[in-house]
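Welcome, and thanks for taking a look at this one with us. Please have the sequence and the 3D view open side by side while you read the notes.

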Amino acid sequence: MKEAREKSIDQASQEMLVVAARAGLETAWDRLEKQKPQCGFGEAGLCCRNCNMGPCRIDPFGEGPSKGVCGATADIMVARNLLRSIAAGAAAHSDHGRDAAKTFLLLSQGKAPSYQVRDSAKMQRLMDEYGVQSQIALAEAVMAEFGKQDGPIQFTRRAPKKRQELWQKLGIDPRGIDREIVEIMHRTHIGVDNDYVHLILQGLRASIADGWGGSMIATEIQDVMFGTPKPVRSQVNLGVLDEDKVNVIIHGHEPILSEMIVAAASDPELLRLAEAQGAAGINVAGMCCTGNELLMRHGVPTAGNFLQQELAVATGAVEAIVVDVQCIMPALGALAGCYHTKFISTSPKAKFPGAIHMEFHEESAYETAKDIVKAAVLNYANRNPAKVRIPDVKSDAMVGFSVEAIVEALGGTLDPLLEAIKSGAVRGIGAVVGCNNPKIKHDYGHVNLVKELIKNNVLVVTTGCNAIACAKEGLLLPEAADLAGEGLKGVCKALGVPPVLHMGSCVDISRILVAAAAIANALGVDISDLPAAGAAPEWMSEKAVSIGAYVVSSGVYTVLGTVPPVLGSPEVAGLLTEGAASVVGASFAVEPEPIQAARLMIDHIDSQRKKLGL
Amino acid sequence: MKEIFVRLDRCMGCKSCEIACAVEHSKSHNLFGAMAETPRPRKRLYVENPEGVKMPMVCRHCEDAPCVEVCRVGATVKDAITGIVTKDESMCIGCWMCAMVCPYGMVGRQKEVKIAVKCDLCPSLMVPACVSACPTGTLVFAEQEEFAEIMRRDAAAQIARGHKIKASI
């Protein structure tokens with residue numbers, strides 16, 4: 001068995017992995033070991049289950065079958081499988097966006113009394129962008145994006161003109177969010193689209209509908225309802241759990257619910273109840289992206305990233321882990337059963353074995369949130385102090401860098417950043433995002449890649465589980481500028497900002513797109529001309545596949561830390577890693593070793609600078 | 001000696017054993033590297049599908065191995081101590097006598113070069129690659145007595161369950 005220090009670089013996680021192992025508890029790392037060796041056909045993308053003549057496999061050694069029953073070659077199988085991943089990822093982000101849009105519509109109709117408009121200036125900007133006069137007209141226009149048949153999706157028009165024209169020329173300007181996802185499912189059905197290039201182009205179109213559609217809608221509408229993030233300080237890691245308080249972890253992705261939980265946790269009635277139970281208060285801590293949403297907007301502490309969800313429960317100090325959708329391990333049910341912890345599911349879309357389902361609806365949001373927090377408070381008495389083990393590990397972080405906040409930090413205009421890029425003080429911009437994956441030592445890929453980038457004067461923007469990894473390492477503090485190269489260090493010190501800017505949750509990669517478009521527009525170039533590169537060092541989810549596709553479609557060279565299941569087709573792999581550059585002006589690379597990955601990004605940034613004459 | 005035994009009711013037909021075998025007999029020893037190699041790495045065991053049953057076929061390393069008997073150049077030999085039947089590929093002249101006499105069809109061909117290839121029980125591994133790769137425990141690397149014990153316990157458990165049900169009625 002692997003030792004804890006081989007599984008994670010994070011001290012708190014190492015400590016809890018030992019606790020879990022000694023207690024005989026199983027974690028994702030153990031389950032990965034049990035899965036090994038993983039199926040080589042799946043790893044190469046060479047199995048197809050799309051019809052019941054199959055399942056079919058293609059022998060990568062060329063000895064066995066070279067075609068599925070329908071005649072699909074390796075190229076077709078790999079492309080179809082990749083497309084279905086993009087569809088699932090785009091669907092997940094966009095359904096999140098739909099929920100935000102629906103809540104905003106209900107709020108505008110006076111049917112969601114728990115919610116309000118917190119950023120009316122942003123709402124006004126969106127109304128101007130849509131050319132509508134009222135809040136309800138905006139809500140309806142945003143909601144209509146999902147079902148549009150002939151486009152355009154309004155926010156795609158934020159991309160530089162050249163980029164929009166390229167999308168139109170290639171036929172990948174999305175026509176509607178749902179339509180592109182549905183069309184993937186149609187085209188990958190037996191006997192429809194069997195040209196791998198044509199298939200991949202549809203994948204790119206659906207991914208653009210995610211990045212510049214569903215995800216961007218989620219970000220923008222959530223900002224309107226919950227406030228646009230501004231720089232705020234908080235703390236991150238398992239040490240934010242409080243031994244003397246009722247601990248409620250909110251885990252998943254949508255702030256629609258978690259915003260209400262945070263509000264309910266300061267409800268005087270529930271605080272009195274907590275006191276009566278002998279607790280010193282109610283402590284809400286985030287996990288994964290719902291954590292990022294609350295961290296960004298309210299400075300609510302975050303207990304950890306994806307691979308820490310089980311470890312948080314193993315502290316024995318969690319009264320309730322409240323979940324909505326995405327990246328919630330079904331393993332939590334059995335694990336919570338080993339403790340007093342209540343595992344509470346809330347989404348009408350997502351149920352789990354071993355969970356208590358307390359379904360959440362926009363119309364009665366606050367009341368349900370109160371019931372959930374109350375259940376947690378009443379569970380405090382069931383905590384077994386002998387089982388409590390909270391690692392004394394947490395880091396300070398400065399978070400909340402929305403595009404608006406970055407522009408404000410720069411003094412109201414992008415010019416200082418552009419000047420710093422032109423002078424070379426800031427060599428370029430690195431967007432580092434994505435999940436955790438036990439195939440890569442937890443946080444090792446994230447932290448080392450980011451450190452190498454800032455050391456080389458690359459300003460890093462981050463979201464998702466990478467942001468939490470950086471926060472734990474202390475990289476989200478202005479003081480971390482000391483780890484940066486001289487140029488970047490000077491810029492950060494002058495502005496009082498960290499060298500790594502936390503821009504939010506995974507749907508908030510849309511903020512990075514908006515920033516990239518604004519910089520490209522200011523320089524009069526396309527995004528693919530910028531000295532910028534992206535990376536997802538520990539990616540695992542289908543959402544990450546969609547993200548990778550829309551980031552590359554937007555013109556950003558992207559390095560992946562784990563191998564996507566495409567190597568069974570040298571043609572598809574070649575298209576993604578080389579051919580794409582001449583089509584969309586960007587391509588993928590795969591490099592599991594973070595220092596090498598940083599080198600690829602820096603080399604790319606340098607070649608982009610040269611082309612721009614910088 | 002330890003041999004590869006097959007629990008016939010367990011195979012899912014995923015052919016992971018075949019891939020692992022080819023990868024182990026490649027130069028790079030990893031899937032993606034192996035896929036790009038020339039000559040193409042060859043597997044030395046085969047998942048067959050007779051009568052709708054998924055059936056992994058593995059060299060039996062026979063006690064009185066016909067392939068050894070017929071090899072005119074001495075390329076195929078049976079190790080006196082380990083009992084493993086191996087083939088020195090550098091000596092093979094590709095006459096296919098071994099392929100003709102093997103009752104299980106366990107002699108394959110290295111396509112690019114005219115030589116025969118067969119299972120060598122992965123000499124550099126503690127457990128052959130196919131056995132490690134099997135996700136369902138179909139392939140078992142054990143002494144014959146150990147394997148018989150596994151089978152006996154399975155059978156005994158089945159009988160016991162049947163007996164309990166009968167007793168409760």
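A residue counts as buried when its relative accessible area is under 20%, taken with a 1.4 Å probe over the protein chains only. A:Glu180 has 0% relative accessibility, so this residue counts as buried. Please keep in mind that the model is predicted.

**A buried glutamate**

- You will find A:Glu180 in helix H9 of chain A, which covers residues 177-187.
- What does the side chain of A:Glu180 make a polar contact with? Its partner is the side chain of A:Gln202, at 3.1 Å.

- Strand E4 of chain A spans residues 246-252, and seven of its seven residues are buried, so the strand is largely enclosed by the rest of the structure.
- On one side of E4(A) lie A:Val246, A:Val248, A:Ile250 and A:Gly252, all of them buried.
- E4(A) runs parallel to strand E5 of chain A (residues 282-287), and six bridges join the two.
- Within this pairing, A:Asn247 is found opposite A:Asn283 of E5(A).
- Strand E7 of chain A (residues 320-323) also pairs with E4(A) in the parallel sense, here over four bridges.

**Cavities**

- How many cavities of 30 Å³ or more does the structure hold? There are seven.
- The largest cavity has about 160 Å³ of space.
- This largest cavity is lined by 19 residues, and the closest to its centre are A:His253, A:Gly434, A:Cys435, A:Cys506 and A:Lys543.
- Three elements of chain A give two or more residues to that lining: helix H13 (288-298), helix H20 (464-472) and helix H23 (542-553).
- Which element provides the largest share of the lining? It is H23(A), with three residues.
- Sorted by class, the lining of the largest cavity has 12 nonpolar, six polar and one charged residues.
- Domain 3 (238-387) and domain 4 (399-612) of chain A each supply at least three residues to the lining of the largest cavity.

Key. Residues are numbered from 1 along each chain as its sequence is written. Chains are lettered from A and ligands numbered from 1 in the order in which they are written. This is a predicted model: local features need pLDDT of at least 70, side-chain atom pairs count only at pLDDT 80 or more; totals for chains, interfaces and linings use all residues. Side-chain values use heavy atoms; hydrogens and water are left out. On a 1 Å grid over the protein atoms alone, a cavity is a set of points where a 1.4 Å probe fits but cannot get out, and a pocket is an open set with protein on both sides within 12 Å along at least five of seven lines; lining residues have an atom within 4 Å of a point. Grid points are joined across faces, edges and corners, and a volume is the space filled by probe spheres set on the points. Ala, Val, Leu, Ile, Met, Phe, Trp, Tyr, Cys and Pro count as nonpolar, Asp, Glu, Lys and Arg as charged, and the others, Gly among them, as polar. Domain bounds come from an automatic or database domain assignment. Buried means under 20% relative accessible area, exposed over 50%, partly exposed in between (1.4 Å probe, protein chains only). Two strands pair if DSSP finds at least two bridges between them. A polar contact is a pair of N or O atoms within 3.5 Å; within protein, one must be able to donate a hydrogen and the other to accept it, and residues adjacent in sequence count only if both atoms are side-chain atoms.
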